[in-house]
Amino acid sequence: MKNFFSDINIHTITDANINFYTVPFIHPTRKMHEHDFIYLLHGEWSLGQNGQTYDLCEDSLLILFAGNNHYGVTPCRAGTKTMYFHVTCEDGDVFEEDDSLSCIDTLINASHNKNIKKLFSEVVNAKLSGEQRKANLYFELLLCELTSQKTYLKEIKVAQKIQSIIHEYPERFFGNEELAHMMNVSVKTAENKFKAAFGKTIHQYILDFKIREAMAYFDRFEDISVKEVAYNLGFCDEYHFSKQFQKHTGMSPSKYKRSKD
């Protein structure tokens, strides 16, 4: 299930704090009129909502939607530390199965986005300091960040799938048109998303990957020939392979092999 929060009505932060559990503690079973946002700073915790279990680790953000049953599944690990806040459920807030970009997942891995943790902390600190309006505004900014993250994750999904195909078939050279067709996107879209995600073109990534694989072959199998490695990695001939290997490593395959002796 996904969470949609109204962008018309202003939400109000009603409670916030930072909790540290020196001994294992199980989350209370309850149904709230407000949304419960939990950010796990350290430790581990398993919580449930409507029969679904969510396993939290460091930098997990869990949204327990208002009006739903939520509860502890297992006690948290000793030494667990969390931030939390409760926020009003406004007209237009919806909890349902939806994959639109404006919907936010119930459990979010925020480890790669420091802004999420920063804005969550700002909400909590503002509420604790009695700055109600600021806490409300930081919450709206947090929602924007969470929505933007989902858009970003959708953008890199195509790039990650292309990367997986390249890794799965080291014996093949894929053209950009072929990969774009497999992803059901335009060639330009595939090229742009891949370069944005990995910092290099698809062709350059394929070559870099194949040279790393070639080095692994030479490292593992001392009797393997240069020709065998070239064909194993989809090169049309030994000459083309040797040229690319030297360009990437600064030495010929034969010299690299001798350096391992």
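Figure 1. Just after helix 7, Gly250 adopts a positive phi of about 85°. Helices (H or I, at least four residues) and strands (E, at least two) are DSSP runs, numbered from the N terminus. The structure is a predicted model, in which local features need pLDDT of at least 70 and side-chain atom pairs count only at pLDDT 80 or more, while totals for chains, interfaces and linings use all residues. Residues are numbered from 1 along each chain as its sequence is written, and side-chain values use heavy atoms, with hydrogens and water left out.

Figure 2. Helix 7 (residues 238-249) has 12 residues and reaches 16 Å from its first C-alpha to its last, close to the 16 Å expected at 1.5 Å a residue; the expected span is 1.5 Å times one less than the number of residues. Phe241, Gln244 and Phe245 are the buried residues of helix 7 (buried means under 20% relative accessible area, exposed over 50%, partly exposed in between, with a 1.4 Å probe and protein chains only). These residues cover an arc of only 105° around the axis, which puts them on the same side of helix 7; the arc is that of the directions from the helix axis to the C-beta atoms. An α-helix has 3.6 residues a turn, so residues three or four places apart point the same way. The face turned away from the buried side of helix 7 carries the exposed residues Tyr239, Lys243 and Lys247.

**Figure 3. The surroundings and start of helix 7.** The buried residues of helix 7 pack against helix 5 (202-220), helix 6 (226-232) and helix 8 (253-259), where contact means heavy atoms within 4.5 Å. At the start of helix 7, a side-chain oxygen of Asp237 comes to within 3.2 Å of the backbone nitrogen of Tyr239.

Figure 4. The strands follow the order 3-8-5-6, with antiparallel pairing; two strands pair if DSSP finds at least two bridges between them. Strand 3 (30-31) and strand 6 stand at the edges, each with a single partner strand, so one side of each has no neighbour in the sheet. Strand 3 is joined to strand 8 (residues 69-74) by 2 bridges, and Arg30 stands opposite His70 in strand 8.

Figure 5. Asp59, in the loop between strand 6 (52-56) and strand 7 (60-64), has a phi near 70°, a positive value in a residue other than glycine. Asp59 is buried, with a relative accessible area of 15%. Asn184, in the loop between helix 3 (176-183) and helix 4 (187-198), has a positive phi of about 60° although it is not a glycine. Asn184 is exposed, with a relative accessible area of 71%.

Key:
A polar contact is a pair of N or O atoms within 3.5 Å; within protein, one must be able to donate a hydrogen and the other to accept it, and residues adjacent in sequence count only if both atoms are side-chain atoms.
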